[in-house]
Amino acid sequence: MNITEIIEKKKKGAALNKKEIAFFIDGVCNGDIPDYQISALLMAICLKGMNREETVNLTEKMAHSGDTLDLSGLSPTADKHSTGGVGDKTSLVVAPIAAACGVNIAKMSGRGLGHTGGTVDKLESIPGFQTELSEADFLKQVKAIGIAMIAQSESMVPADKILYALRDVTATIDSIPLIASSIMSKKLAAGADIIELDVKTGSGAFMKTKVQAIALAREMVAIGKAHGKRTAALITDMHDPLGTNIGNNLEVKEALSVLRGEGAADIRELCLNLATNIIALAKSIPAQQARLLALEAIDSGAALTKFRQMVAAQGGDVRYIDHPELFEKAAYSRTVCAPQSGFLTKMDTALIGNTAALLGAGRQKKGDAIDFTAGIIVHKKTGDAFKKGEALATLYTNKKDILTQAEQQYLSALRFGAKAPRYHQLIKEGII
Ligand code: URA
């Protein structure tokens, strides 16, 4: 077997067998296949696609390319994954709700890049919070309190790190089999019994259309099930930022308000739906019953207590959980005002995420430092009416000199009109 033949085969649109996929991933990981041949095969997959069996085999081989976690002694365990969006702080809410309902959460998360935020950065904005735990400490914490959230281990799924870095620079990101195998290999390696996926669609999402989002969700759910995992997905809206707050400590504050039973309707509803699915899958109960348990976990304060326990266990200062007003604030702010009266008809949410990054909340490239206090509070979203001069958003930063550029960029992400636009349904579809 040689890699040129495998590239040739995929170029012609034929399906690769398990041995050929294994040969490719082994060669990627041990350095035998040079970047130009890896990239050629990635492009062929991007153009010709993969059938379900190929994608399942690719995912499995990638998942076992490095360390894997054994959570079998902790069942039921659940993991949740969002395909990325702006203002998406759902993991900070859903995980403690599920844990308060008796589902163990052993969650590994990523950092933000480009216009999207990452759960690890948000957690690290809580002073003292440690996201790097040894595997033994991570598992010990889940056993003791039912929840731990840490950064993805460097030694897991090395194949994805190599492939993703090449996809990023060879225009081969937007391929359903490559995205599905990349995400699901990390979920399989992380070992949970239940995988709940939140596949975003809209201007702030990877998948710009609902059709693409459904295709990706179906592929990922099928991969999970083929590996014996209870897997489900929601297709959810990302035409607007989720909730009101964008930026790390701003998002933690908003997550805390949802855990207190407050918060904007969209973020609260999405969190309840995701938690409901996890609880229903874990306990094999109807969704209606699971939703009541999720609501009870919020209303009783049990979910907030779970979050507080996790923060304490991971070295975070719980005074910030009890008194979110203690979170440090950015030195400068600017209110973005409506240039005319009317309705907000459209938001370019990726551009809004990039504006938050410009203010200091995100990074343009891996390793960039971020400012936990920077970000945006959104006052008006698609469909809202306002008068000229009314506040549309408030920008927060420690970089005074970029405020005017950020204000102009934020305004350029908005479209105004005289009539209310079509409503974007928050939860578009469930895939099981
Ligand atoms: N997120 C991932 O982890 N991988 C992809 O390919 C796309 C989004």
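I began with the helix pair: α5 and α14 are roughly perpendicular to each other (angles of 65 to 115 degrees count as such). The model is predicted, with pLDDT of at least 70 needed for local features and 80 or more for side-chain atom pairs, while totals for chains, interfaces and linings use all residues. Residues are numbered from 1 along each chain, and side-chain values use heavy atoms, without hydrogens and water.

**Helix crossing**

I looked up the axes of α5 (residues 90-100) and α14 (residues 302-313): they come within 8 Å and cross at roughly 105°. Axes are lines fitted to C-alpha atoms over the stretch in contact, with angles from 0 to 180 degrees between N-to-C directions. Helices are DSSP runs (H or I, at least four residues), numbered from the N terminus.

I then listed the contact (heavy atoms within 4.5 Å). Leu92, Pro96, Ile97, Ala99 and Ala100 of α5 meet Ala302, Ala303, Lys306 and Phe307 of α14. I noted eight nonpolar residues, no polar and one charged.

**Ligand shell**

Next I went to the ligand. Tyr164, Arg167, Ile179, Ser182, Ile183, Lys186 and Phe206 surround it (a heavy atom within 4 Å). α8 (158-169) and α9 (176-190) each supply at least two of the shell residues. The largest share, four residues, comes from α9.

A side-chain N or O atom of Ser182 is 2.6 Å from a ligand nitrogen atom. Taken alone the ligand exposes 240 Å², and the protein buries 88% of that (Shrake-Rupley, 1.4 Å probe).

Notes. Polar contact = N/O pair within 3.5 Å; in protein donor to acceptor, adjacent residues only side chain to side chain. Parallel < 35°, antiparallel > 145°, perpendicular 65-115°, else oblique. Nonpolar A, V, L, I, M, F, W, Y, C, P; charged D, E, K, R; others polar.
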